Amino acid sequence: MTHRQILEAMSGLLLAMFVAMLSSTVVTNALPTIVADLDGSQTGYTWVVVATLLAMTATTPIWGKLADLFSKKLLVQLALVIYSIGSLIAAFAPSMEVLIGSRVIQGLGVGGLTALVQVVIASMVSPRERGRYSGYIGATFALATVSGPLIGGLIVDSPLGWRGCFFVGLPVAALAFVLLQKTLHLPVVRRQVSIDYLGATLIMTGVSILLVWVSLAGNQFAWASATTAAMVVGGLLVIAAALYVEGRVAAEPIIPLHLFKDRTIALATVASTLIGVAMFGSTVYLSQYFQVARGMTPTEAGLMSIAMVGGLLVSSIVTGRIISETGLWKRYLVGGMVLVVVALGLLGTIDDTTSLVVIGLFMAVLGVGLGATMQNLVLAVQNNVALKDMGAASSVVAFFRSLGGSAGVSALGALLSVQVADKVASGLAAIGVSGGSETESHSIPDLDTLPGPVREIFQSAFGESFGHLFLVATPFAVLALVCVLFIEEVPLRTTNDLVPDEAADGSDGASDPLDGLEDALTDGGRHRADAEHPTTLRS
C-alpha cells in the first residue's frame with residue numbers, strides 16, 4: 001500500500017481508536033456526579049471503571065485470535081456496533097447496577113477496537129515504518145485523553161447532564177464504521193476455524209473472581225476470612241485450568257503459550273502488566289482528586305489533564321518518528337520508564353494543599369514517560385513474531401496491560417476506600433461528630449451539602465489518600481523498568497513478515513544468500529546481522 005492508501009485506511013482506524021479511548025476518558029470527570037446521582041459508593045465508582053477494563057481485558061486476546069481467522073474489517077465494524085449498544089444502555093441506566101452492566105458491554109467493543117486497530121496496522125506496514133504510524137496512534141490516544149475529560153466535564157455541567165457523556169461517542173462510531181467500509185481493503189485469508197471457547201471462558205472467569213475479591217475485600221468481608229480464601233483459591237484454580245487448556249487442549253489457544261519462549265515477548269508482557277497497574281491504577285483517580293479533594297468542577301478537572309496528555313502527545317509523536325528513522329527503540333523505552341518512575345514518586349508527595357502548578361508539572365513528566373513507553377512495547381513484540389501470529393501477540397500485550405490496569409484500579413480503589421473511611425472517621429471523632437452510615441458504607445458525599453468543618457475533613461482525607469496511591473504504584477513501575485532493561489534490542493525489520501529462517505528458529509536469516517546480504521545492508525538488519533551472522537556479513 002502507498003503512503004496515501006495507508007493514511008486513508010487509517011482514518012477510519014484512528015476514529016475507531018478515538019472512540020475506544022473516549023469511552024473511558026469522557027466518563028472520568030462525570031463519575032463523581034454519576035455516583036452521587038445514582039446513590040453509589042466508592043466501590044461503585046471503582047467498578048464503573050473496572051467493568052469496562054475487565055471486559056476489555058478478557059476479550060482482547062479473543063479479538064486478536066479472531067483477527068487471525070476472519071476479516072479484520074468486519075471485526076472492527078462489529079466491535080463498533082457492540083460499543084454503540086453498550087453506550088445506549090449506559091445513557092439510560094436507572095441504577096449503578098445497570099450502568100456497570102452496560103459498561104461491560106462497552107468493554108467488549110473497546111477490547112475489539114484496541115486490539116484490532118494495532119493488528120490491522122501491523123498487516124499494512126512493516127515494523128520499521130510502523131514507528132511513523134505509531135505516532136499517529138499516540139496522537140489519537142492523546143487527543144482522546146485530553147478532549148475526553150474536557151468534553152465530559154462540559155457535558156456534565158450542561159443541561160444534558162452525565163447521561164450525555166454516553167451519547168457523545170455514537171456519531172464518531174458511526175463515522176468510523178462508514179470510513180472503514182470505504183477505505184479499508186485487506187485480503188481475507190480463509191482457513192479452518194477453531195475458536196478456543198473453553199480457554200476464553202476460563203480466563204474471563206478466573207480473572208473476574210480475583211478482581212471481585214480485590215475490590216470487595218476489606219469492605220464487604222474481611223481480608224483474612226473464609227470468603228477471601230474461597231475466592232483466592234477458586235480464582236487461582238480456574239486460572240490454572242485455563243493454562244492447562246491453553247497449553248495442552250486447545251488446537252488454537254486464545255493465548256499461545258509458545259510465544260512466551262521469546263524473551264522479548266515474555267519481558268514486554270510482564271512490563272505491560274506492571275505499567276497497567278501503575279498507569280490505570282493511579283491516574284484513573286486523578287479526576288476524583290481534583291473534584292473531591294480540590295473542589296473543582298468537572299470542566300476544571302478536565303483542563304488539569306492537559307498537562308499529562310500534552311506530554312504524552314509530544315513524546316509519542318517524536319519518539320515514533322525517531323524510531324522509524326533509526327530502527328532503534330530500546331533507549332526510548334528505558335528513558336520513558338525512568339520518567340514514569342520519577343513522576344509517580346513525585347505524585348506520591350501530593351495532598352489537598354499541593355500547588356496545582358506543581359501537580360501539573362508532575363503530570364507532564366508522567367505523560368512524557370508513558371508516551372515513549374506504551375506503543376513502543378507493542379512495536380518491540382510485533383517485530384519478533386511472524387505475521388500469522390501478529391494478532392495473538394499484539395493482543396497478548398494489550399491483554400496483560402489491561403489485566404494490570406484492572407487489578408490496579410480494583411486494588412488501589414479498595415485501598416482508597418479504606419484509607420478515606422478511616423481518616424474521615426478519626427477526623428469526625430476529633431470534632432465530636434459521629435461518622436454514621438456514610439463512612440461505614442464508604443460512600444462519596446456531595447461536598448456542597450456538607451458543613452464547612454466536615455467538608456474540610458473529607459477533602460483532607462481524600463487529598464492525603466491519593467498521594468498514597470501513587471506511592472503504592474511506584475514499585476510496580478520500577479519492576480517494569482527492570483523488565484525493559486533486560487529486553488534485547490533487535491533493530492526493526494523492514495518486511496511485514498519474518499523470513500523463513502526467522503519463522504523457524506527465531507533468528508534473523510534468509511532462504512537465499514542474496515536476500516541475506518540485502519538484509520545485512522539495510523538499516524533494519526545491519527546491527528543484528530553483525531551480531532548474529534558475522535560470516536554472512538563478511539561474505
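Reply: H1 and H7 cross in a left-handed way, meaning the near helix is turned anticlockwise from the far one by less than a right angle. This is a predicted model, where local features need pLDDT of at least 70 and side-chain atom pairs 80 or more, while totals for chains, interfaces and linings use all residues. Numbering runs from 1 along each chain as its sequence is written, and side-chain values use heavy atoms, with hydrogens and water left out.

H1 spans residues 3–28 and H7 residues 169–183; helices are DSSP runs (H or I, at least four residues), numbered from the N terminus. Their axes come within 8 Å and cross at roughly 155 degrees, with axes fitted to C-alpha atoms over the stretch in contact and angles running from 0 to 180 degrees between N-to-C directions. That makes H1 roughly antiparallel to H7 (over 145 degrees).

By class, the contact has 13 nonpolar, four polar and one charged residues; Ala, Val, Leu, Ile, Met, Phe, Trp, Tyr, Cys and Pro count as nonpolar, Asp, Glu, Lys and Arg as charged, and the others, Gly among them, as polar.

As for rings, there are six aromatic pairs (Phe, Tyr or six-membered Trp ring centres within 6.5 Å). Trp162 and Phe166 sit edge-to-face, 6.2 Å centre to centre with 90 degrees between the planes (edge-to-face is over 60 degrees). Trp162 counts as buried at 5% relative accessibility, and Phe166 is buried at 2% (under 20% relative accessible area, 1.4 Å probe, protein chains only).

Notes
Helices (H or I, at least four residues) and strands (E, at least two) are DSSP runs, numbered from the N terminus. Angles under 35 degrees count as roughly parallel, over 145 as roughly antiparallel, 65 to 115 as roughly perpendicular and the rest as oblique. Rings of Phe, Tyr and Trp (its six-membered ring) pair if their centres lie within 6.5 Å; planes under 30 degrees apart count as stacked, over 60 as edge-to-face and the rest as tilted. Buried means under 20% relative accessible area, exposed over 50%, partly exposed in between (1.4 Å probe, protein chains only).
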